[in-house]
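This report covers side-chain interactions and the surroundings of selected elements.

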Amino acid sequence: MVRTKKLIRHPSQDTNVRPFMVIWETTMACDLACMHCRAEAINQKDPKRLTTEEGKKLLDQIKDFGKSYPIVVFTGGDPFKREDLFELIEYGTEIGLSIAVSPSATPLLNDDNLKKIRAAGAKAMSLSLDGATAKSHDTFRGVDGSFQMTLDGWRMAQENGLRVQVNTTVTRHNLHELPEILKLVRKQGVMTWSVFFLVPTGRGMVEDEISPAEYEDVMNWLYEASRYIRVKTTEGHHFKRVVIQRSILDAKGDDPVESMGLGVTYKMLCEQLDEYTSDMLLPQDMAPVRRTPMNINAGNGFVFVSRRGDVFPSGFMPLSAGNVREQTLPDIYQNASLFQSLRQPDDFHGRCGECEFNSVCGGSRSRAYAMTGDPIGEEPFCMYEPGSFPYATELEMYLQKKQQQI
């Protein structure tokens, strides 16, 4: 019996009314030169960014969504490049918001600054790790020493009582390193390993993407990896479909390679996983249930505010629905036609609109927009053909259970 109640994670709030998460790009300034950077960050601040007072007004607007308040993530660029960062964190905490910070691995990621954000009220922090070695990670990030600064900042964050999420962006350059990265992440310890799937926007290039077949292989491998560490995906929404399919196949005792048509990348990653984890797992370490990532998507439980106050469904979908200097964030999120359309998966174009998984997955709206110009277009890197999963009865019961939980 598939335990549907625990497997699919839904926000407690109605995502038509309030988002689960608000990302605020506090600055574009950053001292790294990452090859995939969404923000195309530079080492200078934007003179047109939201001021301190405007930032506080934005935080007030987030509170105006009501309880349960959205989680707020300060990102960039590098948030440590804002001189008022600690004041903004403290203000957000004082009005009842839960604040996390996503800094860059530079000399600003030091014990003093980490102590300050913790004292100001930040609860969690995310760091990026895009290679298993200094050579591969530093090449990706464009600065020598970034790998070691990431590891040092990670350790210091934990010592200062911050929960740590580690983000890894999958590209053709680091695909073969994923099992070794997992080993490193598990050894150092994290709250969550968030695996990002590249969206060709900003400095991200289509030619750095892995193929759709490799997407399917990696997501099925992540299902295996979830025995060892808590995994979620970003802009890899069809991982939620994969978790559901694999859970049903597990209950049936079916071979996923044959049932899912998995290829050489899946086999290669699984072989490396077995090698790197041969002495890692004890029975009591195993997670009791593999679960889907939180069921949110661009404009549907998720919203991004740029440094200048423009409101996007996602940081990877630079399509503005308004500006918080002119309208309130709740008004834009709830009423903008772009956001409303992104919350209607049955109206998505192509296979996504026809897919039986669309209310759980919906595909990457950001990737659809980046590659087709249509925010409700078909997810171009999903290979699933609607209606092809062999256990339709079990799946129908499963999705009905999901609908009852909303």
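## Salt bridges

R82 and D84 are both buried. The two form a salt bridge in this predicted model, with 2.8 Å between the closest N and O atoms. In total, the structure holds 20 salt bridges.

D46 and R308 make another salt bridge, their closest N and O atoms lying 2.6 Å apart. D46 belongs to the loop between strand 1 (21–25) and helix 2 (52–63), while R308 belongs to the loop between strand 9 (301–305) and strand 10 (311–312), so this pair ties together parts separated by 262 residues in sequence. The two partners fall into separate burial classes: D46 is buried, at a relative accessible area of 5%, and R308 is partly exposed, at 33%.

A further salt bridge links R351 and E378, with the closest N and O atoms 3.0 Å apart. R351 is in helix 14 (residues 351–354) and E378 is in the loop between helix 15 (365–372) and helix 16 (392–405), so parts that are 27 residues apart in sequence are tied together. R351 has a relative accessible area of 16% and is buried, because the cut-off for that class is under 20%. E378, with a relative accessible area of 29%, is partly exposed. Salt bridges with shared partners also join E25, D46, R307 and R308 into one network.

## Aromatic pairs

How many aromatic pairs does the count give? The count comes to 11 aromatic pairs. One of them is formed by F65 and Y333, an edge-to-face pair with 5.8 Å centre to centre and 90° between the planes. This pair links distant parts of the chain, with F65 in the loop between helix 2 and strand 2 (71–75) and Y333 in helix 12 (residues 329–335), 268 residues apart. F65 is buried, with a relative accessible area of 4%, and Y333 also counts as buried, at 0% relative accessibility.

F196 and F316 form an edge-to-face pair too, at 6.5 Å centre to centre and with 65° between the planes. Here F196 is in strand 6 (residues 192–197) and F316 in the loop between strand 10 and helix 12, and the pair links distant parts of the chain, 120 residues apart. Both residues, F196 and F316, are buried.

## A cluster and charges over rings

The charged end of R365 sits over the ring of F348, at 4.2 Å from its centre.

## Helix 15

R365 is also one of the buried residues of helix 15, which are R365, S366, R367 and A368. The cover over these buried residues includes strand 6, helix 8 (212–225), strand 8 (297–298), helix 13 (337–342) and helix 14. After helix 15 comes G373, with a positive phi near 80°.

## Helix 6

An α-helix has 3.6 residues a turn, so residues three or four places apart point the same way. Just after helix 6, G161 has a positive phi of about 80°.

## S194 in strand 6

S194 is located in strand 6. With a relative accessible area of 0%, S194 is buried. Its side chain is joined to that of T234 by a polar contact of 3.1 Å. Leaving aside residues up to four places away in sequence, S194 touches Q165, V166, N167, T168, K232 and T234.

Notes
Residues are numbered from 1 along each chain as its sequence is written. This is a predicted model: local features need pLDDT of at least 70, side-chain atom pairs count only at pLDDT 80 or more; totals for chains, interfaces and linings use all residues. Side-chain values use heavy atoms; hydrogens and water are left out. A salt bridge is a side-chain nitrogen of Lys or Arg within 4 Å of a carboxyl oxygen of Asp or Glu. Helices (H or I, at least four residues) and strands (E, at least two) are DSSP runs, numbered from the N terminus. Buried means under 20% relative accessible area, exposed over 50%, partly exposed in between (1.4 Å probe, protein chains only). Rings of Phe, Tyr and Trp (its six-membered ring) pair if their centres lie within 6.5 Å; planes under 30 degrees apart count as stacked, over 60 as edge-to-face and the rest as tilted. A charge sits over a ring if NZ of Lys or CZ of Arg is within 6 Å of the ring centre and within 35 degrees of the ring normal. Contact means heavy atoms within 4.5 Å. A polar contact is a pair of N or O atoms within 3.5 Å; within protein, one must be able to donate a hydrogen and the other to accept it, and residues adjacent in sequence count only if both atoms are side-chain atoms.
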